[in-house]
Amino acid sequence: MSDVYIVGADMIAFGRYPDRTPGQLAAEAALMALDDAGLAIRDIGALYASSSFNAASMIGQQVLKQIGQTGIPCVNVSNACASGATAVREAWVAIKAGIYDAVLAVGVEKNPRGMLGGPPTEGPSPEGLFGSASMPAVFAEAGMVHAEKYGTTIEQFAQVAVKNHHHATMNPKAVYRKETPLDEVLGSEMIAYPLTKLMCSANVDGAAGVVLVSEKKAKELGLSRAVRIRASALTSDPYEPRNPVMFDANSVTSIAAKQAYEMAGLGPEDLDLVELHDCFATAEILHYENLGLCTEGEGGSLIDSGATTLGGRIPVNVSGGLLSKGHPIGATGVANMVEIVEHLRGEAGARQVEGAKIGLAHVLGFGAATGVHILEKA
Amino acid sequence: MTLASDTAMLPKPASSVIRVGADGKPFIEAFRCGACGAVVTEQTLACRACGARQAPEAYRSPEMGALWTWSVVHRSYPGIEVPFVSAIVDLDGGLTLKGTVIGAEPGQLHQGLRLRLVFDDAGGARNKEGAPYVGFHFVPEGDA
């Protein structure tokens, strides 16, 4: 089967866009990705469009109405925070199957305001009566399991926010570009112990797009800025005794990582950078271990060592991550890949990971779904 | 426990795991797979753990258990009183529930802490017909 390449990748700056529709935001990202590839909408065989909250509104067709109604198949994808990675993976599958030479994947979200989580119910609101269904509480509880088992401290969790906010100061498309020293992170409003406000992801709007092509098409276009998809893995949560009463962020991720490493014939030691799903600071520590960046229980030590900071052994979330680049749900999985692509091309500016050849992009959707992609400079 | 004084109206479960007997007394119902022993909170069509095509069997769950993890929640949705302790509790017999822990200082909380499930009036809520609800929370073992 033909390899699949990313030849176009771009995103709009993440932030608030009160006067623009999700379709308009996604269309802008789609055109940016097409321009980056040097292709037009008439070159595209299919569109996969992701949005956790807007997929049911035919978000992909809205994009085509903005940039060209060519009549191509358009699939609208909703898979929680893994929506974007799911759209890219489906594009990858379609090219692998030999059906298309060029496919566009675009992710977008205008997030609802306020704290996410908590299903609507009949009767009294369960919130507070039966614990908390808010996302901060869910990821606080996941972090506390790690803290109890391995002695991980609130300072170690907080250092994730210090690092990712630092990284974001070098990313012009990040919503927050401000250093946050440890005492500021620890001193910000406590949301759900051990998570303070600065340890929770930024709830913003955004859109990102990638153009995937077959090997034949990539060679026609020239490989100088192309990125090869070495692995694409997508999982749903396997049975675990406490799931779903307790959200299981770990097994769904570690299984996807294992599949991706096997598909690529690579291991975590081969990676030059990682964009992982730091929806909350606790999650980043868990995913260090789930993705094999360190051994089980060593996540706290890994952040302390500086290995995951730009310039370290394995830089993680040099984009600023969801914590400070921002987390427009359906766009996040695509944006993580845009970031990896920029580094593999050597076009990441001040935050460039020097000599980056291989990168991994990970997202985790509540409910649950994980996408892991391994990308390599062509 | 004492439910509302109007005994004519049986309380409505405020959580899907609560059942109310004909005598008005609430209990927790769980389901166990006859093939692999997995315990879940709902009657699924087949076992979600092993896929066995026999529906898991209902059982009345013990109300003692152990704390697995928790968070002290300081900000929740608008109108929800904070702070409170959100906890994941493994009940004896295998059922895991999420609930609020009342009557424990944050410093007292640790994995394995023995807790008792206590039924309550779900914050005094009533449905449209005026029937009371029954909910639950957890307290440290030995507390009333």
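Which strands of chain A does helix α12 (residues 329–344) of chain A lie across? The legends below take up this question first and then turn to other close-up views of the predicted model.

**Figure 1. Helix α12 of chain A lies across strands of chain A.** The strands concerned are β1, β2 (46–50), β4 (102–110), β7, β8 (227–236), β9, β10 (358–365) and β11 (369–377) of chain A. Relative to β10(A), helix α12 of chain A runs at about 170°.

**Figure 2. Nine strands of chain A form an open sheet.** The strand order is β3-β2-β4-β7-β1-β8-β11-β10-β9, and the pairing is mixed. At the edges are β3 (74–77) and β9 (273–275) of chain A, each of which pairs on one side only. From one strand to the next, the twist averages 25°. Strands of a sheet pair through backbone hydrogen bonds, in either a parallel or an antiparallel arrangement.

**Figure 3. Strand β7 of chain A pairs with β1(A) and with β4(A).** Strand β1 (residues 4–11) of chain A and strand β7 (residues 205–214) of chain A run antiparallel and are joined by seven bridges. Within this pair, A:Leu212 of β7(A) is the bridge partner of A:Ile6. The pairing of β4(A) with β7(A) is also antiparallel and extends over nine bridges. Here A:Ala102 has A:Val213 in β7(A) as its bridge partner.

**Figure 4. Strand β4 of chain A is largely enclosed by the rest of the structure.** Eight of the nine residues of β4(A) are buried, and the strand is therefore largely enclosed. Strands β2(A) and β4(A) run parallel, with five bridges between them. Opposite A:Ala46 stands A:Val103 in β4(A).

**Figure 5. Helices α1 and α2 of chain A pack against each other.** Two packed helices are described by the angle between their axes and the distance between those axes. For helix α1 (residues 22–37) and helix α2 (residues 59–67) of chain A, the angle is about 65° and the axes are 8 Å apart. The crossing of α1(A) and α2(A) is right-handed. On the side of α1(A), the contact is made by A:Pro22, A:Gly23, A:Gln24, A:Ala26, A:Ala27, A:Ala30, A:Leu31 and A:Leu34. On the side of α2(A), A:Ile59, A:Gln62, A:Val63, A:Gln66 and A:Ile67 take part. The residues of this contact comprise nine nonpolar, four polar and no charged.

**Figure 6. The largest nonpolar core has 85 residues.** The members that touch the most other members are A:Phe139, A:Leu293 and B:Phe136. Helix α4 (residues 135–150) of chain A supplies the largest share of this core, seven residues. Leaving aside neighbours within four places in sequence, A:Phe139 is in contact with A:Leu195, A:Phe247, A:Ala249, A:Cys279, A:Phe280, A:Thr282, A:Ala283 and A:Leu364. Another core, of 42 residues, lies apart from the largest one, and A:Val77, A:Trp92, A:Tyr100 and A:Val204 are among its members.

**Figure 7. A:Lys217 has its place in helix α7 (residues 215–221) of chain A.** The relative accessible area of A:Lys217 is 18%, and the residue is therefore buried. Apart from neighbours within four places in sequence, A:Lys217 is in contact with A:Leu39 and A:Asp101.

**Figure 8. A:Gly45 is found in the loop between α1 and β2 of chain A.** With a relative accessible area of 22%, A:Gly45 is partly exposed. Not counting residues up to four places away in sequence, A:Gly45 touches A:Ile72, A:Pro73, A:Tyr100 and A:Ala102. Between the C-alpha atoms of A:Gly45 and A:Ala142, the separation is 42 Å; these residues are 97 residues apart along the chain.

**Figure 9. Chain B has ten strands and zero helices.** The C-alpha trace of chain B spans about 45 × 40 × 30 Å along its principal axes. Of the 144 residues in chain B, 47% are buried. Among contacts in chain B between residues at least 6 apart in sequence, those joining residues at least 24 apart make up 52%.

**Figure 10. B:Val82 lies in the loop between β6 (64–73) and β7 (84–91) of chain B.** B:Val82 counts as partly exposed, at 34% relative accessibility. Leaving aside neighbours within four places in sequence, B:Val82 is in contact with B:Val73, B:His74, B:Arg75 and B:Ser76. The C-alpha atoms of B:Val82 and B:Val72, ten residues apart along the chain, are separated by 9.0 Å.

Conventions:
Residues numbered from 1 in each chain as written. Chains lettered and ligands numbered in written order. Predicted model: local features only at pLDDT ≥ 70, side-chain atom pairs only at ≥ 80, totals over all residues. Heavy atoms only, no water. Pairing = 2+ DSSP bridges. Helix = DSSP H or I, 4+ residues; strand = E, 2+ residues; numbered from the N terminus. Axes fitted to C-alpha atoms, helices over the stretch in contact; angles between N-to-C directions. Contact = heavy atoms within 4.5 Å. Left-handed = near helix turned anticlockwise from the far one by under 90°. Nonpolar A, V, L, I, M, F, W, Y, C, P; charged D, E, K, R; others polar. Core = buried A, V, L, I, M, F, W, Y, C linked by side-chain atoms within 4.5 Å. Buried < 20%, exposed > 50% of the residue type's maximum accessible area, 1.4 Å probe, protein only.
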